[in-house]
Each structure stands twice: as C-alpha cells, then as structure tokens.
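Thank you for asking for a second pair of eyes on this model. My notes are set out as numbered points, to be read beside the structure.

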Amino acid sequence: MALLQLFITASVPVLKVLLITALGSYLALDSVDILGEDARKHLNTVVFYVFNPALVSTKLAQTITSESMVKLWFMPINILFTFIIGSVLGWIVVLVTGAPSHLRGLIVGCCAAGNLGNILLIIIPSVCKEKGGPFGDPDVCQTYGMAYVSLSMAIGAIYLWSYVYNIVRISSRSSTRESEVNEFSISKPARQSSTSDLGVIEPLLSSSKEFLIPENNKDQYALPCTRSDVARSEVSVSDKAKQHISMLLRKINLKTIFAPSTIGAIVGFTIGLIPDIRKLMIGEGAPLRVIQDSASLLGDGAIPAVTLIVGGNLLKGLKGPGIQKSLIISIVVVRYIALPLTGIFIIKGAHQIGLVHFDPLYQFILLIQYAVPPAMNIGTITQLFGAGESECSVIMLWTYALASISLTFWSTFFMWLVAP
C-alpha cells in the first residue's frame, strides 16, 4: 500500500478528534460559557458513572467470547508493560528534573497511563471505514476492532484506578506532610522567642535530684507483673497475620479499584463469556435484548462527551500557572518517542516467539497502546486530591496538542509495519 494512502487513513480519525476538541474549547470560552467549569464537572460525573460503564459493558458483551479471550490473553500483559516501562521512565524524569514533591505522582502517572479507551474508540472505527485500509473488510474490521478496544479500555481502567490513583494519593500525602513539617520548623523558633520574651527561662519539669527515686527503694515503685503481659507475648502467628491482613484491607480503597468502568467490564465479561446469559441478552431474538440496546444507546454518548470535556480542559491549561518546560518536554519524549520505540521491540519480539498471533489489526492496537497521550482520568484523580490540578491541565494541553502529530505519524508507521 502507498505510504501516502496510509498517511491519509491515519490522519482522518485524528482530525475528527481535533474538530470535536476544538468545539469543546469554543464552548468553554467565557464569552460562550456553555461548557464552563461547573458544566464540565457535572458532565464528567455523568460520563464517569453512566456513559463509560455502559460503553465498556455493551462492547465487551457483544464482542468478547471464550474463543476470543484465548487469542487476546497477551493484551493485559502488554498494557501492564506500558505501565511498568512508563513508570520507570517517569521516575527517571522526576530524578533528572528535580520535580517538586507534589508533582511526582502526576509525572509518573502521565508517563505510565495512556488513553487506552476513548482515543482508540475514535481511531479504530475510522481506520476500518477508510477505503484502502490494511485491515480488510470494514464490517469485520470494526467488529473485531471494537472487541480489542473494549478489552483495552477495561484493562486500562483497572490499572489506572488501582495503580495510578494510589501513586498520586501517596505523592499528595507525602507533600502535605513535608509542608506541615516545614511550617512546624518555621513556627518553632517563633514560639521559643515568644517564650523567652515572657521571661520563662526555667524548664517546666525540674531535674533536681529530690524528684529522683532512691536506688534502695526502686522495688517499692515497681509495678507487679500480670499474666496478661505474658499472654500478650504469646500471641500466635495466625493472629498477627489476621491483624496485618485486616490492616491492609482497611488501607486499600476498594471503591476506587472497583470504579464504575471496572464494574461495567465485569458485567460485560459475565454476559459475553457465559453462554446462557449471552443468549438472553445478545442477538436479534434475545428476550432481554432491550436491556442491551438501552445500555448501548447510553454508551454511544461517551465518546463525544469525553472529547468535548477534553477540549474544555485544554482551554483551562492555557490559563494555568507556569510549569517547568523540562517537565513537559520530558513527558512528551517519554510518551511519544521512548514508549513507542520500546513497544515495537516488545510486540515484534512477542510475535517472533509465537506469543502474539498474526492479525494485523490486533498487532496494530497492541502497538498504538504505546503511542497514545496520557489518560484524561489523571485529571480527575488530581482533582480528588487537589495535588497538581492546574499543572495537570498544562501537561494535558501540550501532550494532546502534540498528539495530533504524533498519533498520525505512529499510526502510519504501525500500519506499514503490520501490513501483510
């Protein structure tokens, strides 16, 4: 296939994203004020709790079967690789640039978590519909492509809310502790000076020997040993293990791990993988197909809504505070140069040793998972903890502005690489 045709095929879905994003930015202008900050928050809540779970569950239920899961087992591992490699590169960025403590979790999260759902949900159907694409019949391409993207979106949501969420949480807490320690160290000399001004120069507790216990009377003041002390020392290992497990369960926030999109993925897997439930809900003659159709109708609103929110948030990044240019450049290099090059070696190596079957569309999606911009839900996570929210808007602005060039280039190259 001609390289120019591949470039046109790859650029059309990116242009669609840019047009809808530009519309979102326009609606968020102060002079228009249709998609202001409060409106975006309310719409984001609807997307988070309604649209995204409906989209994930319906796409998985329609396309995932036990046979397809056998072929797709490498995708969760591949997404895990993107998170691990991105995290390592992110920590290198933190060390090299000397990033502030409250931004470390944000930087690692932006390098580790890519937009594995919404961007692909726009790119893959558009690529399949373009004439002269390398993936064969458009209908077959879209059917299998949506199965791959749905699985990618579900696994990405699980990793994001169980890993990146906790990275940002730990980073925000550590930065809060550091600020409290700094405030205490600053206020302590002030308290000491105010105490000396009042003339208090004696210690509150006297160290005179009259208050010391005589050596020959120490036994009179000793507390009697009780059997409870001995019992406490004989606590069984199993009781200690139970205490540690219960403490760990209290620290783990299951509500965030089982985010609405994760629950939607579980529902979709259940419907798709259990034949009896699948017959009830999927298909023209299914008695409960109205439930699936209604959920699918809700899920169709996720892509345009999220893209409009992205446009509004990018406008917020223009008004955001200054941030180190080295941080933005480093994140762009990690996401758009280092990760895609690493992904090429991983996917081609996995194909050579037989871990990935020969399917150009499947290999293309595995490769593009390394080249997408940071996940938009990172902005939601920073809003939850109030750590680096404004800086996140600036990072998203530049990474998504450059994504139009990067995604077009890498999509063209990956199509050429996997074309039969």
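The points below go from the overall fold to helix packing, aromatic residues and cysteines.

1. Basis of the note. This is a predicted model, in which local features need pLDDT of at least 70 and side-chain atom pairs count only at pLDDT 80 or more, while totals for chains, interfaces and linings use all residues. Residues are numbered from 1 along each chain as its sequence is written, and side-chain values use heavy atoms, with hydrogens and water left out.

2. Overall make-up. The chain has 19 helices and zero strands, where helices (H or I, at least four residues) and strands (E, at least two) are DSSP runs numbered from the N terminus. Of its 420 residues, 45% count as buried; buried means under 20% relative accessible area, exposed over 50%, and partly exposed in between, with a 1.4 Å probe and protein chains only. Among contacts in the chain with a separation of 6 or more, 85% come from residues 24 or more positions apart, a contact being heavy atoms within 4.5 Å.

3. Packing of α2 with α15. Helix α2 (residues 37-63) packs with helix α15 (residues 302-318) at an angle of about 145°, and their axes are 9 Å apart. Here the axes are lines fitted to C-alpha atoms, for helices over the stretch in contact, and angles run from 0 to 180 degrees between N-to-C directions. The crossing of α2 past α15 is left-handed, a term used if the near helix is turned anticlockwise from the far one by less than a right angle, with right-handed used if the turn is clockwise.

4. Residues at that contact. On the α2 side the residues are E37, R40, L43, N44, V47, F51, N52 and L55, and they meet A302, I303, A305, V306, I309, G312, N313 and K316 of α15. Sorted by class, the contact of α2 with α15 has nine nonpolar, four polar and three charged residues; Ala, Val, Leu, Ile, Met, Phe, Trp, Tyr, Cys and Pro count as nonpolar, Asp, Glu, Lys and Arg as charged, and the others, Gly among them, as polar.

5. I266 and S57. I266 is placed in helix α12 (residues 260-273), and its relative accessibility of 41% makes it partly exposed. Although I266 and S57 are 209 residues apart along the chain, their C-alpha atoms are separated by 7.5 Å.

6. Aromatic pairs. The structure holds eleven aromatic pairs, for which the rings of Phe, Tyr and Trp (its six-membered ring) must have centres within 6.5 Å, with planes under 30 degrees apart called stacked, over 60 edge-to-face and the rest tilted. One of them is the tilted pair of Y148 and Y362, at 5.2 Å centre to centre and 50° between the planes. Because Y148 lies in helix α7 (residues 138-197) and Y362 in helix α17 (residues 360-368), this pair ties together parts that are 214 residues apart in sequence. Both Y148 and Y362 are buried.

7. S406, found in helix α19 (residues 389-418), is buried with a relative accessible area of 9%, and it touches Y336 and A371 when residues up to four places away in sequence are not counted.

8. The disulfide. Which cysteines form the disulfide of this structure? The one disulfide is formed by C128 and C141, whose sulfur atoms are 1.9 Å apart, against a cut-off of sulfur atoms within 2.5 Å. The link of C128 and C141 is left-handed, with -60° about the S-S bond. Since C128 lies in helix α6 (residues 118-129) and C141 in helix α7, the pair ties together parts that are 13 residues apart in sequence. C128 is buried at 4% relative accessibility, and C141 is buried at 2%.

9. C111 is buried with a relative accessible area of 0%, and C392 is buried at 3%. Helix α5 (residues 104-112) is mostly covered, with eight of its nine residues buried, including C110 and C111.
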